[in-house]
Amino acid sequence: MRQSAERTKKMTLLLRIELIILAVAAIVFVVHTVNKRILLLKYSLIWLLISLVLIIAACFPKIAFSVTALVGIETPSNLIFFLAILSLLGICFSLSVIVSKQTEKMKKLVQTLSLDHYEWKGLDEDDKEEG
């Protein structure tokens with residue numbers, strides 16, 4: 001029995017180390033994509049925040065247990081899945097808002113361009129009639 005308890009502690013430590021490594025790798029990746037101008041800074045902030053929260057949770061696992069007890073969720077893993085789902089839903093919603101705004105901007109741009117092209121074509125025909 002003692003070996004399994006030690007094994008669980010080692011596994012917990014191993015999982016915490018892996019979580020920290022993956023979160024740091026995510027931060028490095030996000031910063032790299034921002035530097036290469038692939039990702040805008042304002043969209044990278046949520047990913048940096050999530051990575052920092054993961055690092056804090058890995059460094060201080062008692063926080064997860066405390067929040068789990070406070071919220072009334074049975075296990076910390078359920079809390080993590082719940083928070084992950086909420087985060088992904090929030091990201092999906094914000095991306096839907098961004099796409100909606102971009103669609104409106106594109107619609108206005110196409111309409112303006114069409115009107116400008118129509119006016120330009122009309123002016124070009126007037127020049128031909130005068131010449």
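1. A disulfide is taken here as a pair of cysteine sulfur atoms within 2.5 Å. By this rule the count is zero disulfides. Cys 59 has a relative accessible area of 35% and Cys 92 has one of 49%, so both count as partly exposed, given that buried means under 20% relative accessible area, exposed means over 50% and partly exposed lies in between (1.4 Å probe, protein chains only).

2. The basis of the values should be kept in mind: this is a predicted model, in which local features need pLDDT of at least 70 and side-chain atom pairs count only at pLDDT 80 or more, while totals for chains, interfaces and linings use all residues. Residues are numbered from 1 along each chain as its sequence is written, and side-chain values use heavy atoms, with hydrogens and water left out.

3. The protein chain has four helices and zero strands, and its elements follow the order α-α-α-α from the N terminus. Helices (H or I, at least four residues) and strands (E, at least two) are DSSP runs, numbered from the N terminus.

4. Of the 131 residues in the protein chain, 10% are buried. The accessible surface of the chain is about 11400 Å², and carbon and sulfur atoms account for 70% of that area; such areas come from the Shrake-Rupley method with a 1.4 Å probe, and for residues only the protein chains shown count as cover. Where contact means heavy atoms within 4.5 Å, 49% of the contacts between residues at least 6 apart in sequence join residues at least 24 apart.

5. How much space lies in the largest pocket? The volume is about 800 Å³, and of the 26 lining residues, Leu 19, Leu 54, Ala 57, Ala 64 and Ile 80 are the closest to the centre of this pocket. Helices H1 (2-35), H2 (41-59), H3 (61-71) and H4 (76-130) each give two or more residues to the lining, with the largest share, nine residues, coming from H4. A pocket is found on a 1 Å grid over the protein atoms alone, as an open set of points where a 1.4 Å probe fits, with protein on both sides within 12 Å along at least five of seven lines, and lining residues have an atom within 4 Å of a point. Grid points are joined across faces, edges and corners, and a volume is the space filled by probe spheres set on the points.

6. By class, the lining of the largest pocket has 22 nonpolar, three polar and one charged residues. Here Ala, Val, Leu, Ile, Met, Phe, Trp, Tyr, Cys and Pro count as nonpolar, Asp, Glu, Lys and Arg as charged, and the others, Gly among them, as polar.

7. The second largest pocket has a volume of about 170 Å³, and its lining includes Tyr 43, Trp 47, Gly 90 and Ile 98. H2 and H4 are the elements that give two or more residues to this lining, which by class has eight nonpolar, two polar and one charged residues.

8. Two residues of helix H1 deserve a look. Ile 27 is found in H1 and touches Leu 48, Ser 51, Leu 52 and Ile 55, not counting residues up to four places away in sequence; its C-alpha atom is separated by 8.3 Å from that of Leu 52, which is 25 residues apart along the chain. Leu 15, also in H1, is partly exposed at 48% relative accessible area, and its C-alpha atom is separated by 8.3 Å from that of Ala 58, 43 residues apart along the chain.

9. Is Thr 68 buried or exposed? Thr 68, in helix H3, has a relative accessible area of 4% and is therefore buried. Not counting residues up to four places away in sequence, Thr 68 touches Ile 73, Glu 74, Thr 75, Pro 76 and Leu 79.
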